[in-house]
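Colleague: I would like to learn how to read pockets and helix contacts in a model. Could we go through them together, slowly?

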Amino acid sequence: MLAKELAKEQYVVFGNSSPLSVTIYRAGRQMPHYHREELEIVMCLKGTVEVYSMHEKHVLRAGDIKEADTYDIHTVSRVPEEPDNLVVSFHFDLTHPLFAGKGFELLYYVCSSDEIDRARQPALNRLRRVLWALLYETLQAAPAAGERQETGKVRIHALSAEVLQLLRSSFQYFNAINLDDTYSKDMQDRFEHIIAYMLKNYAGRITMRDICQMEHLNYNYLSQFFKTTSLKTFRAFLHEIRVYHSEHMLLCSPEMTVPEIGYACGFSDPKFFYREFRKKHGHTPHQHRIWYRNYNRLISKDTIFAPEEQRQVINNCIAGFYSNMVWEEAWPELD
């Protein structure tokens, strides 16, 4: 008998040709999951929750956010000492005409309130405000009819597009690793092409000379670029991408052995795979599976609020929310 998978794909329903689906809930302890075609942003509205994304732990309090890219295995969990929480998950459909064909699904994003440096804090605050406006528009548009509903849809489309553009301009992996911030927008665009190519071809042989030829870049220039990042080398970047994909196989393909997963992700030697995985996660691939197996023994359902409950639930949490955050605009009470 095959072992059960430790993480599953979760499907999101988008209504009315909308690019956005919003879920308001009290977090329990979610099953680790991923979305194939959706990008998710988790925003804590009340209390404290823990978000594990690709096994990195993030603690969110009122006003904090964390993004989960397509295929990122993630979970939201209540803190036992603070069970009274309120969370909203924004899911963006990357196959929607608003986003399709623009490459959003082929990028890494690094956006979490607990990891943002001072330079990107204004962009984070802007993103919070746009999400806040999206939540308001969603709740206002739901029971509305006629012209008011159509106006709400237009606003939701515009705000959704702004969220994805903010992620792309300020919270790409490029922004996180570019320590001295000396590289131009042109290099960021090139890096988008590089990461997209590597995400598609990570299982095969990839060299920096291949990348230079593809992007018409000087070898020494690209080598110098990686030296000035937190990665230091092109090979370190390639190994990180391969380890990233290996976690997905470890949790979603329990029938595969650890060496098989290493080979499938482009590592030619299981021992080297073990070393790179431990470097990233602090434990072996086998121990990684054990950790998630133990985590899943305590799964509990979220309390998802029905549409008719959401407006009152949000209004009730506003006072506490504003005591934790400083906003330029106040939240008008929902009708």
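**Reading a pocket and a helix pair**

Modeller: Helix H7 gives the largest share of the lining of the second largest pocket, four residues, where helices (H or I, at least four residues) and strands (E, at least two) are DSSP runs numbered from the N terminus. The model is predicted, so local features need pLDDT of at least 70 and side-chain atom pairs pLDDT 80 or more, while totals for chains, interfaces and linings use all residues. Residues are numbered from 1 along each chain as its sequence is written, and side-chain values use heavy atoms, with hydrogens and water left out.

Colleague: Which residues are the closest to the centre of the second largest pocket?

Modeller: Rolling a probe the size of a water molecule over the atoms shows where empty space is left. A pocket is an open set of points on a 1 Å grid over the protein atoms alone, where a 1.4 Å probe fits, with protein on both sides within 12 Å along at least five of seven lines, and lining residues have an atom within 4 Å of a point. Here the second largest pocket holds about 470 Å³, a volume being the space filled by probe spheres set on the points, which are joined across faces, edges and corners. Of its 23 lining residues, Glu-56, Val-110, Tyr-173, Glu-240 and Lys-280 are the closest to its centre.

Colleague: At what angle do the axes of H5 and H6 cross?

Modeller: Axes are lines fitted to C-alpha atoms, for helices over the stretch in contact, and angles run from 0 to 180 degrees between N-to-C directions. The axes of H5 (residues 208-215) and H6 (residues 219-227) cross at roughly 115 degrees and come within 9 Å. In contact (heavy atoms within 4.5 Å), Met-208, Arg-209, Ile-211 and Cys-212 of H5 meet Tyr-219, Leu-222, Ser-223 and Phe-226 of H6.

Colleague: How many helices and strands has the chain?

Modeller: The chain has eleven helices and ten strands, and its C-alpha trace spans about 60 × 50 × 35 Å along the principal axes.
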